[in-house]
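Me: I have a protein model open and would like to learn how to read it, one feature at a time. Could we go through it together?

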Amino acid sequence: MQTRFLCVSLLFVGLIGGSQAQSLKPDFKTQLKLGKEAAAELRKKEKVLPASDQRVKHLTMLGSKIIATIPASELKARPYEFTFEVIESKEINAFALPGGPVFFYTGLLEKLKTTDELLGILGHELTHVRGEHWAKMVEDQQGKGLLVGVLSEIFKVGRTGRTVANIALTLDGLKYSRNYEYAADKGGFDIESRLGYNPQGMANVFQMFLDLKGKGGDPEILKTHPDDKKRIQRIQDMIKKSGKTFPAEVRLPWVTNERLK
Ligand SMILES: [Zn+2]
């Protein structure tokens, strides 16, 4: 099992110029560049499944469906470069990098039963990208003076003179605040609802994580997505409030009857 710090790290140079920290959000171009660099690094380290793999195809198909719902004005303002890839690894994890690269781990896919479950996570992750949550988090932390302190320690970067801050984006760095997580869950709910799938799928996934934890497991994704009980409740509340009846969940194409027993 790899350590969680090894996964992605990239340097972000030039956010802070001069002697004073300016509070600013990395612009979209910067997010895109950083996301692409992190994705390239990840591809070098990990075994990425070929595009012809059934799981990659299914993930890409769902991703395209979500992209088709994004308003043209948003795409014009923020030309995302979404990619959908699967990493061969026992790790139970999935994440999206700033600007659009999305990675799912086979360890997580193996635990999923329905397309509704997969779409819920994908919708959640794409909401982080579309909401520019990473960039906002950088801005928030900068505002609190937290980021510079932490980074100075990591990189032994001086804080005086013309300091250049190196900001590391690790997977732990993709741990969003609760509000961004709730926003992403709402995004997942909305996309399931809009595309005719069942948002219960997303709640199932969080329940599955809880069950794994109960059995002594330690899903990697829980490090960035805690509070499962509350999240399940919130999703269930959204389902109730919508007053809609959602269709039955659809089994993932590679899941056999045997697996469902
Ligand atoms: Zn999240």
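Me: Among contacts in the protein chain between residues at least 6 apart in sequence, what percentage join residues at least 24 apart?

Reply: Two residues are in contact if their C-beta atoms, placed from the backbone, lie within 7 Å. Among such contacts between residues at least 6 apart in sequence, 74% join residues at least 24 apart. Please keep in mind that this is a predicted model, in which local features need pLDDT of at least 70 and side-chain atom pairs count only at pLDDT 80 or more, while totals for chains, interfaces and linings use all residues. Residues are numbered from 1 along each chain as its sequence is written.

Me: How many helices and strands does the protein chain have?

Reply: Helices (H or I, at least four residues) and strands (E, at least two) are DSSP runs, numbered from the N terminus. The protein chain has 11 helices and 3 strands, and along the sequence they follow the pattern α-α-α-β-β-β-α-α-α-α-α-α-α-α.

Me: In what order do the strands lie in the sheet?

Reply: Strands of a sheet pair through backbone hydrogen bonds, either parallel or antiparallel. Two strands count as paired if DSSP finds at least two bridges between them. Here an open sheet of 3 strands has the order β1-β3-β2, with mixed pairing. Its edge strands, each pairing on one side only, are β1 (83–87) and β2 (94–96). Between β1 and β3 (residues 101–105) the pairing is parallel, over 5 bridges, and Val-86 stands opposite Phe-104 in β3.

Me: Which residues of the largest nonpolar core touch the most other members?

Reply: In soluble globular proteins, nonpolar side chains tend to be buried together. A residue is buried if 20 or more other C-beta atoms lie within 10 Å of its own, exposed if 12 or fewer, and partly exposed in between. A nonpolar core is a set of buried Ala, Val, Leu, Ile, Met, Phe, Trp, Tyr and Cys residues joined through C-beta atoms within 7 Å. Of the 41 residues in the largest one, Ala-94, Phe-103, Phe-104, Leu-108 and Leu-122 touch the most other members, and the largest share, 6 residues, comes from α5. Leaving aside residues up to four places away in sequence, Phe-104 touches Leu-59, Val-86, Ala-94 and Leu-109.

Me: Against which helices do the buried residues of α9 pack?

Reply: Helix α9 covers residues 200–214, and its buried residues include Met-202, Val-205, Phe-206 and Phe-209. The buried residues of α9 pack against α5 (115–130), α8 (178–194) and α10 (228–242). Just after α9, Gly-216 takes a positive phi of about 90°.

Key:
The expected span of a helix is 1.5 Å times one less than its number of residues.
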